Amino acid sequence: MQLNSVSSTAAFYSRPYRTRENQLKGVFRNGLTYFVAAFIGLVFHLFLARPSYTWYQRLMAWIPLVILLFLLYQYIRERDKNVPLRLLVAIQIYIFYSIPQFTHDRLFLYSGPYTPTRSALTAACTLVVIGELLFLFGFQTSFKAKKNRRNIYDAILPPPKPEWSVAVVLFAAPSLAVYGLVALRPDYIPALWRNMLFTLFNPYLALVLSLYLGYKLKRRRMLQLASIVILIMVSIGIIQGVMANIINPILIYFLCAWIWGKAVRTRWVLMVL
């Protein structure tokens, strides 16, 4: 009786949360949501961009937003969730090439401020749009071509095995040592050996292998090792003050947990986006 009452109480308190989650999914599955977002984005790009941009340059900066929303709509409606490579690329293109129209109209170089000409800005905007469309076309074409073909890497390289656990631990230790020296005290390693050592003892490889063994083979110690590797790499990035070295290990963990661990839910992705 006590167990039934506890379970019924838990179900009662979880109903509002599930209702809100279902409502949120319903909003993101509705095509009208993306039309509204695209229209708001069009208004923002046309009226809030820097004055130096012409109307057609602002329109070309809005096109990556439309592509992003379309890919997000496709991904939300997919039944089998995979890594949204096209969506991640679209997000980066929009952040790096479209959003700057709201904040920048010149670059500050060593020789002083540089203001590009109108023709240069038009050419840059055109190349961004064409480049993104060509990427999507090439991605879709190659995806259809490889459906009935096995990945060449899977055919050549052996899959990781449980016996690799000890080797991964032994590999991670010198990899972190080399990474720390290259990042913080590169003068301790001769320039001739620096790149070769970093290539041989790569902490990113150790991180991916430990996450693979941890998620695919259910090795808890490998996940603990991956957490230690991430903590050390992020700490080194904080000491360096380099944002990429802080974000990259976390991003790798995020993707591996998504692909192999099935531990990332759709609402997490929406929060990140």
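A salt bridge here is a side-chain nitrogen of Lys or Arg within 4 Å of a carboxyl oxygen of Asp or Glu. By that definition, the structure holds three salt bridges. This is a predicted model, in which local features need pLDDT of at least 70 and side-chain atom pairs count only at pLDDT 80 or more, while totals for chains, interfaces and linings use all residues. Residues are numbered from 1 along each chain as its sequence is written, and side-chain values use heavy atoms, with hydrogens and water left out.

**Salt bridges**

- Arg50 and Asp105 meet through their side chains in a salt bridge of 3.6 Å, N to O. Arg50 sits in the loop between H2 and helix H3 (55–77) and Asp105 in the loop between helix H4 (85–98) and strand E1 (107–109), so this pair ties together parts that are 55 residues apart in sequence. Helices (H or I, at least four residues) and strands (E, at least two) are DSSP runs, numbered from the N terminus.
- Asp105 also forms a salt bridge with Arg106, at 3.9 Å, N to O.
- In Asp187 and Arg185, the closest N and O atoms of the salt bridge are 3.4 Å apart.
- Through shared partners, salt bridges join Arg50, Asp105 and Arg106 into one network.

**Exposure of the charged residues**

- Buried means under 20% relative accessible area, exposed over 50%, and partly exposed in between (1.4 Å probe, protein chains only).
- Arg50 is partly exposed at 32%, as is Asp105 at 21%.
- Arg106 is partly exposed at 38%, whereas Asp187 is exposed at 54%.

**Helix H2**

- Gly31, Tyr34, Ala38, Gly41 and His45 are buried in H2. Viewed down the helix axis, the buried residues fall within an arc of 80 degrees (taken from the directions from the axis to the C-beta atoms), so they line one face of H2.
- Leu32, Phe39 and Phe47 are exposed on the other side of H2.

**Around Thr122**

- Thr122 belongs to helix H5 (residues 118–145).
- Leaving aside residues up to four places away in sequence, Thr122 touches Tyr56, Gln57 and Met60, where contact means heavy atoms within 4.5 Å.
- Thr122 and Met60 are 62 residues apart in sequence and 8.8 Å apart in space, C-alpha to C-alpha.
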